[in-house]
Amino acid sequence: MKYASLLIHIDQAIYRNALVDVALKLTATFDAHLTALHVFIPIYYAYAGYAGLETWNGVEALLREEEDSARQHDISFKAQFELQARQFEALKTEWRYETGELPGTLAQHARYADMLIMGQHNPDAALAFGACDTPAEIALTAGRPVLVVPYAGRFDVVGRRVVVAWNATREATRAATAALPLLMRAESVDVIVVGEDKQFGDSYGEGPGSDIGLYLARHGVKSSVVRIPRGERHVSEVLLSIIADRGADLLCMGAYGHSRLRELILGGVTHGLMRHMTAPTLIAC
């Protein structure tokens, strides 16, 4: 089992060498094809307050200038990408340039890839397009897993020590299944079930986490199932603590594909982890 086709989002604002490194390493590991997608987001897509801007009189020159600048960035980013690809001896790569709003454009291309790789939203960036919830939105819309790489730090290894967040939901099931090519290569896999006994209910089965552990074992994945009381902590805080304690280099989790209202009621685990992530995180809906 392997990934055959990977897609990486190249941010309009800044070229992230560390992000591209992760994608190229995975490409080499699985002998996959990697498509780099550079998305230019016109100002009338990026900010709701500018809706309809493209129809204002006299704004054509501004839009042309913006497009010309994006094209210059595209030439520079493409050259950097091709240089990194040669360093990794990655021969099966291609470059694409698209104009549009971010989630829809990425989702359209991600439907034809096994996984989308993109950077975590950096709220301090000079041009911060998208939002911390954008990867989950794309995962839901495209029906494909998204590997989110933190904007700070370098990640020489991804998938050696894996934490799988398990809550017996559809989203968690899809994430664990999507991560199988990585889990089968991992040195250690910890399946983490967070909650109190009374919260598990019938959906987990007789032994919470044991069934997913057996499923993984049948795919050749050796895992340890750990049940952790939540206590007064937020679930995202528990998972971040586990990642630090185990030196994990990958978190695998389901992202709620429901309304923001429901996620807020359930505690906003996805939202919290997308804001404070410390390790690459594979999400699926």
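**Overall fold**

In the protein chain, 81% of the contacts with a separation of 6 or more are between residues 24 or more positions apart. Contact here means heavy atoms within 4.5 Å. This is a predicted model, where local features need pLDDT of at least 70, side-chain atom pairs count only at pLDDT 80 or more, and totals for chains, interfaces and linings use all residues. Residues are numbered from 1 along each chain as its sequence is written, and side-chain values use heavy atoms, with hydrogens and water left out.

The protein chain has 12 helices and 10 strands. Helices (H or I, at least four residues) and strands (E, at least two) are DSSP runs, numbered from the N terminus. Of the 285 residues, 49% count as buried. Buried means under 20% relative accessible area, with exposed over 50% and partly exposed in between, using a 1.4 Å probe on protein chains only.

Next, helix 5, residues 134-142. Which of its residues are buried? They are Thr134, Pro135, Ala136, Ile138, Ala139 and Ala142. What covers them? The cover includes helix 4 (102-110) and helix 12 (269-276). It also includes strand 4 (115-119), strand 5 (146-149) and strand 10 (281-284). After helix 5 comes Gly143, with a positive phi near 70°.

Now the packing of helix 4 on helix 5. Their axes are 9 Å apart, at an angle of about 45°. Axes are lines fitted to C-alpha atoms, for helices over the stretch in contact, and angles run from 0 to 180 degrees between N-to-C directions. Helix 4 and helix 5 are therefore oblique to each other. On cut-offs: under 35 degrees is roughly parallel, over 145 roughly antiparallel, 65 to 115 roughly perpendicular, and the rest oblique. The crossing of helix 4 and helix 5 is right-handed.

Who makes the contact? From helix 4, Leu102, Pro103, Leu106, Ala107 and Ala110. From helix 5, Thr134, Glu137, Ile138, Thr141 and Ala142. By class, that is 7 nonpolar, 2 polar and 1 charged residues. Ala, Val, Leu, Ile, Met, Phe, Trp, Tyr, Cys and Pro count as nonpolar, Asp, Glu, Lys and Arg as charged, and the others, Gly among them, as polar.

**Helix 10 on helix 12**

Second packing. Helix 10 (residues 235-246) and helix 12 have axes that come within 8 Å and cross at roughly 45°. That makes helix 10 oblique to helix 12. Their crossing is right-handed. Helix 10 brings Val235, Ser236, Leu239 and Leu240. Helix 12 brings Val269, Gly272, Leu273 and His276. The classes are 5 nonpolar, 3 polar and no charged residues.

**Aromatic pairs**

How many aromatic pairs are there in the whole structure? The search finds 3. Rings of Phe, Tyr and Trp (its six-membered ring) pair if their centres lie within 6.5 Å; planes under 30 degrees apart are stacked, over 60 edge-to-face, the rest tilted.

Take Tyr15 and Phe77. The ring centres are 5.7 Å apart and the planes at 45°, so the pair is tilted. Tyr15 sits in the loop between strand 1 (5-10) and helix 1 (17-30). Phe77 is in helix 3 (residues 60-87), 62 residues away. Both Tyr15 and Phe77 are buried.

Then Phe81 and Trp95. This pair is also tilted, at 5.6 Å centre to centre and 50° between the planes. Phe81 lies in helix 3 and Trp95 in strand 3 (residues 93-99), so the pair ties together parts 14 residues apart in sequence. Phe81 is buried, at 2% relative accessible area. Trp95 counts as buried at 15%.

Methods. Left-handed = near helix turned anticlockwise from the far one by under 90°.
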